[in-house]
Amino acid sequence: MKNKWKFLPLLLVGLMLLGGCGSQSGEKAQSGKKTIVAATEGTMKGIAYMDKDNKLTGYEVEVLKAAAAKAGYDIQFQTTEFASIFAGIDSGRYQIGFGSISKTPIREKKYSFTKVTHYYEPAVFAFPKGFLQKHPVNHVEDLGGLRTYLNPTKGNAWQQYVEAFNAKYPDKPIQVTYSDEGWAAYYRRLNSDDGIDVLKTNETRLYMLSKEYGYQFDFVVLPQAEMDKVGKLTNPNTYFVFPKTEEGAKMAADFDKAIAELQKDGTLSKLSKEFLGNDYSSQENYEKAHAPK
């Protein structure tokens, strides 16, 4: 009889734990929301970054929160290296990837994307302040002879563009210094006119650098036809990326619908102005915001 009652406390604890699990599952079922995980680097000022309280925020973070709420999902965020975003989607660890991600033919073969963009911003060429007064850049050929820096280990879009430019215009190529320095060092050099004349970037990045460090640059947005003389530099549209599965396609469609609603009710414009300093929520809004006064 003594042995019979010895296990009663353990039995009661087990029943309590089972009861707790049942209650938790019931709450999830009652909410009717699927929990999904969105991954990003978390190092892009204005887009997705850690605030002073070490909380992830930024334009794309807040767009995802608003879109998930409209689409009926609970969303959680994780930060990781850029390459690990795609690896995590492949393994099923993440359901959404983001961080100024554009579509490419290779990516579209492997992943599902939203069809409605939430962020439109064309590339610009940045120069030291006052540079354009002595060296106007109205055509892509005007980049010939200018100096830039490249990190040979990155193989990014700017490196590919410069190499394509130099192959097309060998008589007056862009002068390249290869360096293992990162973009932060390149911007410092550009701001102080230290051995570098031009970088490919975007207006929001320049805005953030000016706001945070007081940097001042000239910049030019060339017409797409001019840019395409050399090749595609960047896609100005940004999208969210999902697994290329039936479930991933459904999530992309759900977020498309939600983003379209947020576009229509002005939420995207409001968030863009708050975090990026101007309206980059669509091509139409971008062109309206940048129209000559």
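**Notes on the cavity, the cores and a few residues**

1. Let me start with the lining of the largest cavity: Y149, L150, N151, N156, W158, Q159, W183 and Y186 sit around it. Sorted by class, the lining residues are five nonpolar and three polar, with no charged residue. Please keep in mind throughout that this is a predicted model.

2. The volume of this largest cavity is about 40 Å³. With a threshold of 30 Å³ or more, the count for the protein is one cavity. As background, rolling a probe the size of a water molecule over the atoms shows where empty space is left.

3. Now the overall make-up. The protein has 293 residues, of which 42% count as buried. Its secondary structure comes to 13 helices and 15 strands. If you take the contacts between residues at least 6 apart in sequence, 72% of them join residues at least 24 apart.

4. W158, which lines the cavity, also turns up in the largest nonpolar core, a set of 34 residues. W158 is among the residues with the most contacts inside this core, together with F125, F127, V140, L143 and Y161. At least two core residues come from each of β9 (124-128), α6 (131-134), β10, α7, α8, α9 (203-213) and β13 (217-220). Apart from this core lies another, of 33 residues, including Y49, I96, Y280 and Y286.

5. Which residues does Y161 touch, once its neighbours within four places in sequence are left aside? The partners are F125, V140, M227, V230, G231 and L233. Two of these names, F125 and V140, are also on the list of residues with the most contacts inside the largest core.

6. Helix α8 is worth a look in your viewer. Its buried residues are A185, Y186, Y187 and L190, and they pack against β9, β10, β12 (199-201), α9 and β13. One of them, Y186, is also part of the cavity lining. As a general point, an α-helix has 3.6 residues a turn, so residues three or four places apart point the same way.

7. After α8 comes D193, in the loop between α8 and β12. Phi of D193 is near 55 degrees, which is a positive value in a residue other than glycine. Is D193 buried, exposed or partly exposed? D193 is partly exposed, because its relative accessible area is 39%, between the 20% and 50% cut-offs.

8. N54 also has a positive phi without being glycine, with a value near 60 degrees. You will find N54 in the loop between β3 (48-50) and β4 (56-57). N54 counts as exposed because its relative accessible area is 60%, and exposed means over 50%.

9. Finally, N237 lies in strand β14 (residues 237-238). Why does N237 count as buried? The relative accessible area of N237 is 17%, and buried means under 20%. Beyond its neighbours within four places in sequence, N237 is in contact with I101, S102, T117, Y119 and Y120.

Key. Residues numbered from 1 in each chain as written. Predicted model: local features only at pLDDT ≥ 70, side-chain atom pairs only at ≥ 80, totals over all residues. Heavy atoms only, no water. 1 Å grid on protein atoms, 1.4 Å probe; cavity = no way out; pocket = protein on both sides within 12 Å on 5 of 7 lines; lining within 4 Å. Points joined across faces, edges and corners; volume = space filled by probe spheres on them. Nonpolar A, V, L, I, M, F, W, Y, C, P; charged D, E, K, R; others polar. Core = buried A, V, L, I, M, F, W, Y, C linked by side-chain atoms within 4.5 Å. Buried < 20%, exposed > 50% of the residue type's maximum accessible area, 1.4 Å probe, protein only. Helix = DSSP H or I, 4+ residues; strand = E, 2+ residues; numbered from the N terminus. Contact = heavy atoms within 4.5 Å.
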